[in-house]
Amino acid sequence: MNAMTRRVVIGTAAVSMAVSLAACGKAGDGDSAAGGGDSKTIGLLLPENKTTRYETFDRPIIEAKIKELCSDCEVKYNNAAQDTETQKKQFDALVTQGVKVIILDAVDYKATKSWVQQADKKGVKVVAYDRLAEGPIAAYVSYDNEKIGRLQGEGLVKALGDKAKNANVVMINGSPTDPNAPLFKKGAHSVLDKQVGKIVYEQDIPDWSPDEANKKMGAAVDSLGKDGFQGVYSANDGMAGGIITALDKQGVKVPVGGQDAELAGLQRILKGEQAFTIYKQIKPEAETTAEIAVALLKGEKFEHLTPTKVTSLTGEFKNIPAKLYDAQIVTKDNIADTVIMDKVYKAADICTAEYKAACEAAGIK
């Protein structure tokens, strides 16, 4: 992980609003369908609420940064609760209201092509956040998701230790409608296919559902037997929780990895139930997205924020300005030096009564 991302301090507290810049969007006043007010409005559409990060971190950080950069800007927020049709209605409503910039974290990236094309024709700029949507996107901010998959693979290999080269591994992958899921899978396979014995069972899980992951893990144990595998790749922490519950029910104890550094995942890591997670610093991702959105609203340049170019997953849309952040593996040994040091969670949040002894053993106070 580079030094820059290590230094970034994460917090959910509202960013100071002492900086009050000139009013946004003056050039566009009057051309809004809603009579001018919405030329100071940014739409924010997030995909689901099963993963705790969106409501806990992404939304408040983005909203606070927009307010800091543009004190009289308004954010119109909606969460699609994992429903593509709901998100389409939310997106279309913003366009109809005359909103000129929309931050979109898509439920189903393939479905967005026609929405974004229609919006583009009306001069509406769309910033793809966390997941790369299809269509003529103005900018994209996320992580190097294939690299995250490689980190997940490396984390599991390390957790397996000397057993890795002969280990049978179960892979529980993310949602097929999330464009990041195949990238995580590809990255993980690039490591696991070379460094473990065999992938013996693999499933994609719709909606990243912990309940479905639990069922599939149960099916895997029934199919392979309790000794038929030595490790489990889980694409995120939420599903890892469901997987570990299924394993506990059958009396199976093997390394399970995850992603997102969720509170429950960190607590499972401290108790020895989960081997590792992947820590992605949300604050720089969220704040860069807010900066780009405000620049688009003001008609300002933002090239300094998007140093790379990406192509959409279908290959149809090329040279999309992008910023991709790094991530890192978190185990029991470095929780204190990562998520606690960066103030994602306080030690008190993690070290509740049930986890106090585990925290002390890990040197977390």
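Guide: Start with Phe-91, which counts as buried because its relative accessibility is 0%. Buried means under 20% relative accessible area, exposed over 50%, and partly exposed in between, with a 1.4 Å probe and protein chains only. This is a predicted model, where local features need pLDDT of at least 70 and side-chain atom pairs count only at pLDDT 80 or more, while totals for chains, interfaces and linings use all residues. Residues are numbered from 1 along each chain as its sequence is written, and side-chain values use heavy atoms, leaving out hydrogens and water.

Visitor: How many aromatic pairs does the structure hold?

Guide: Rings of Phe, Tyr and Trp (its six-membered ring) pair if their centres lie within 6.5 Å; planes under 30 degrees apart are stacked, over 60 edge-to-face, and the rest tilted. The structure holds three such pairs. In one of them, the centres of Phe-57 and Tyr-345 are 5.7 Å apart and the planes stand at 80 degrees, so this pair is edge-to-face. Helices (H or I, at least four residues) are DSSP runs, numbered from the N terminus.

Visitor: Are Phe-57 and Tyr-345 buried or exposed?

Guide: Phe-57 counts as buried at 5% relative accessibility, and Tyr-345 counts as buried at 10%.

Visitor: Which ring pairs with Phe-91?

Guide: Trp-115 does: the centres are 5.6 Å apart and the planes at 45 degrees, so the pair is tilted. Phe-91 belongs to helix 3 (residues 84-96) and Trp-115 to helix 4 (residues 112-121). Trp-115 is buried, with a relative accessible area of 5%.

Definitions and conventions
Helix = DSSP H or I, 4+ residues; strand = E, 2+ residues; numbered from the N terminus.
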